[in-house]
Amino acid sequence: MIQNFWKFHGGISPNGHKNLSNQTKIVQTNIPPFLVLPLLQHIGEPAQSIVQVGDKVLKGQIVAHCRGNNCSLQMSVPIHASSSGTVIAIEPRAVPHPSFLTAPCIVIQTDGQDTWTERTPIANYSTLEPTKVREYIAISGIVGLGGAGFPAHIKLKPEGIDTLIINGSECEPYITCDDRLMREHPHDIITGAQIIRHVLGGAKHCVIAVEDNKPAAYQALLEAAPESVEIVKVPTVYPTGGERQLIYVLTGKEIGRAQLPATVGIVMHNVETARAVYRAVQLGQPLLSRTVTVTGGGIEKPQNIEVLLGTPIRFIIDQCGRKLRIERLVMGGAMMGLTLPNDDMPLIKTTNCLIVSSVKDIEKKPKPMPCIRCGACAQVCPVNLLPQQLYWYAKAKDFKKTQDYNLFDCIDCGCCAYVCPSHIPLVNYYRYAKAEIRASELERKKANQARQRYEFRAFRLERDKAEKKARLQQIKANSEESRKAAIKAAVERNQAKTIT
Amino acid sequence: MTEITAIIVFSGLALLFGLLLGYTAVRFKVEGDPVVDKIDNILPQQQCGKCGYPGCRPYAQAIVNGEVEINQCPPGGEVGMLALAELLDREPKSLDTNLAEEQAQLLAVIDESTCIGCTLCIQACPVDAILGAPKQMHTIIAQECTGCELCVAPCPVDCIKMVSIPKTVTNWKWSYPSYQY
């Protein structure tokens with residue numbers, strides 16, 4: 001029973017703009033004319049296509065699988081066809097990744113029939129072994145739908161977990177998909193939580209956390225929850241929804257950077273992930289669609305919409321009605337979202353929100369000015385870092401110093417950049433530094449590998465030389481012996497001749 | 001009398017410490033120079049010979065011997081040179097302009113329609129990154145290729161090209177933010 005909450009350092013309270021999109025029920029999407037499914041929509045190994053151009057596919061059919069078809073042993077999940085149709089291409093397409101490069105995708109032309117493949121739900125999950133249910137979750141393509149996209153089964157190894165936290169905080173401005181989901185489908189979420197609890201070997205505590213700016217969602221969950229599932233209301237602060245921040249608020253436990261929450265017996269999943277688990281296990285439906293908030297001043301009807309994965313973003317925006325020309329399109333929330341260059345990209349598993357802005361919604365972005373060492377950034381950092389120092393060292397490319405100041409504990413939340421009076425895009429510096437450090441570590445590993453191969457090659461050449469020498473000596477010795485034997489035989493023959 | 005005692009005591013101590021030092025010098029002798037290992041760890045291991053030495057370890061040894069400056073390694077680049085400067089407590093020097101330009105790592109690619117299977121490139125590769133046999137097709141194992149370019153010259157039909165490594169979503173990285181005030 002969680003009685004009191006801890007308060008993490010810093011945090012900000014921006015205007016949520018939640019009532020733009022949380023007033024109406026979730027709407028079902030129409031079937032788009034074609035679907036673009038990137039093979040990598042999660043953190044880990046990309047899936048590999050198992051279909052060919054021209055194949056007919058059914059809704060829910062696996063079109064890309066993990067190596068060896070055993071996803072539960074890898075950091076990977078399969079990709080399913082979100083609707084029935086024909087595969088028309090397997091080729092690189094533009095994907096919503098910060099690089100704006102292309103990546104391999106399977107393109108399906110839908111036939112409008114939406115015909116399901118055979119569905120095999122688990123009749124009674126509580127009687128099945130947890131590992132079997134976990135494999136089922138893996139093969140249903142479920143990843144963390146709160147934004148990170150971690151394959152869900154990775155976090156579901158039953159190793160001494162006593163607390164399961166379902167994250168319904170949704171702290172980022174503009175996003176309301178979890179809010180509507182909790183209001184409209186509380187039973188699905190709670191059943192999903194129970195299934196996850198079973199996979200973890202029966203966690204002692206199960207808590208669903210909701211921010212206190214969502215009273216209707218809290219009420220709905222409270223009414224639907226059994227005794228064994230606790231619903232709590234946490235204070236509304238950004239970024240309460242971050243995994244480590246929410247764990248701290250609920251339990252007071254701080255988790256070191258190199259540790260996982262599992263080491264202190266805690267596992268956290270998003271409410272939408274819990275609902276996806278429910279659908280997979282109870283209804284036999286793999287992850288084919290998700291709730292997305294489509295909002296912003298550039299949308300005629302801001303709302304939450306359940307979208308088939310792979311739907312082109314343009315199709316979704318058209319369904320909601322665009323007001324004027326889109327000036328800016330952001331995938332994600334206002335703090336951590338990614339600005340997309342165009343709306344030709346597909347919706348992927350980790351897309352939780354689309355913010356569409358027309359010209360009159362955008363404030364002119366002030367140019368960055370020099371840092372005045374005011375310290376406002378350090379006051380709001382939820383991880384209690386020193387963003388100012390990280391900025392100076394990242395700017396100077398002194399990566400060792402950034403690590404001394406705990407750069408990798410930074411969660412990219414953007415609170416520091418939000419309050420900076422000089423409008424410095426601080427997070428971009430941290431992302432740059434992290435990328436450089438990771439790249440140089442990879443280079444170091446490659447260099448070690450190259451050195452090993454070089455040394456082995458030297459050893460191999462020496463060994464070949466020594467073997468050759470030994471062989472030649474052997475041949476020489478053999479030929480000496482055979483010469484001596486031939487001479488001896490000839491001498492004997494001669495002697496035999498003389499005697500007779 | 002006390003003078004004699006003093007002399008005996010100090011001689012005894014000197015003998016004792018001398019023996020101790022002699023023993024440790026023999027018992028704890030380290031083969032090779034550990035500084036060479038540390039320098040070798042910083043060098044990029046391409047074994048390309050651009051520094052004028054036949055490999056990274058000989059270059060590391062030469063630096064320790066004081067024969068050469070620390071700015072002779074183009075693949076290590078400025079970052080490598082600064083790391084060496086910090087390790088050896090020397091002044092950083094900009095890369096020697098007589099040598100090859102510093103550039104992003106390249107990948108060797110064999111044109112399979114031209115390859116004659118002569119194995120000359122296989123013998124040249126310092127990290128055994130080329131797969132093949134006499135009169136069989138040769139190919140470069142992209143994961144192991146360090147971009148040292150030693151295979152390009154021996155090829156009698158000039159079928160090896162150096163290309164830049166294609167950027168994908170997995171090897172892309174954030175660029176340095178630069179703003180005008």
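Modeller: Two residues are in contact here if their C-beta atoms, placed from the backbone, lie within 7 Å. This is a predicted model, in which local features need pLDDT of at least 70, side-chain atom pairs count only at pLDDT 80 or more, and totals for chains, interfaces and linings use all residues. Residues are numbered from 1 along each chain as its sequence is written, and chains are lettered from A and ligands numbered from 1 in the order in which they are written.

Colleague: Which residues of α2(B) and α4(B) meet?

Modeller: On the α2(B) side they are B:Lys38, B:Ile39 and B:Ile42, and on the α4(B) side B:Gly80, B:Ala83, B:Leu84 and B:Leu87. By class this contact has five nonpolar, one polar and one charged residues. Ala, Val, Leu, Ile, Met, Phe, Trp, Tyr, Cys and Pro count as nonpolar, Asp, Glu, Lys and Arg as charged, and the others, Gly among them, as polar.

Colleague: At what angle do helix α2 and helix α4 of chain B pack?

Modeller: Two packed helices are described by the angle between their axes and the distance between the axes. Axes are lines fitted to C-alpha atoms, for helices over the stretch in contact, and angles run from 0 to 180 degrees between N-to-C directions. For α2 (residues 34–42) and α4 (residues 77–88) of chain B the angle is about 160 degrees, with the axes 10 Å apart. α2(B) and α4(B) are therefore roughly antiparallel to each other (angles under 35 degrees count as roughly parallel, over 145 as roughly antiparallel, 65 to 115 as roughly perpendicular and the rest as oblique).

Colleague: How many helices and strands does chain B have?

Modeller: Helices (H or I, at least four residues) and strands (E, at least two) are DSSP runs, numbered from the N terminus. Chain B has five helices and four strands, in the order α-α-α-α-β-α-β-β-β from the N terminus on.

Colleague: What is the secondary structure of chain A, and how spread out is the chain?

Modeller: Chain A has twelve helices and 17 strands. Its radius of gyration is 30 Å, well over the 23 Å that the globule rule gives for 500 residues, so chain A is more spread out than a compact globule. The radius is taken over C-alpha atoms, and the rule is 2.2 Å times the number of residues to the power 0.38.

Colleague: How many residues of chain A are in contact with chain B?

Modeller: 23 residues of chain A are in contact with 20 residues of chain B. Helix α12 (residues 426–499) of chain A gives the largest share of the chain A side, 13 residues. That side has 15 nonpolar, three polar and five charged residues.
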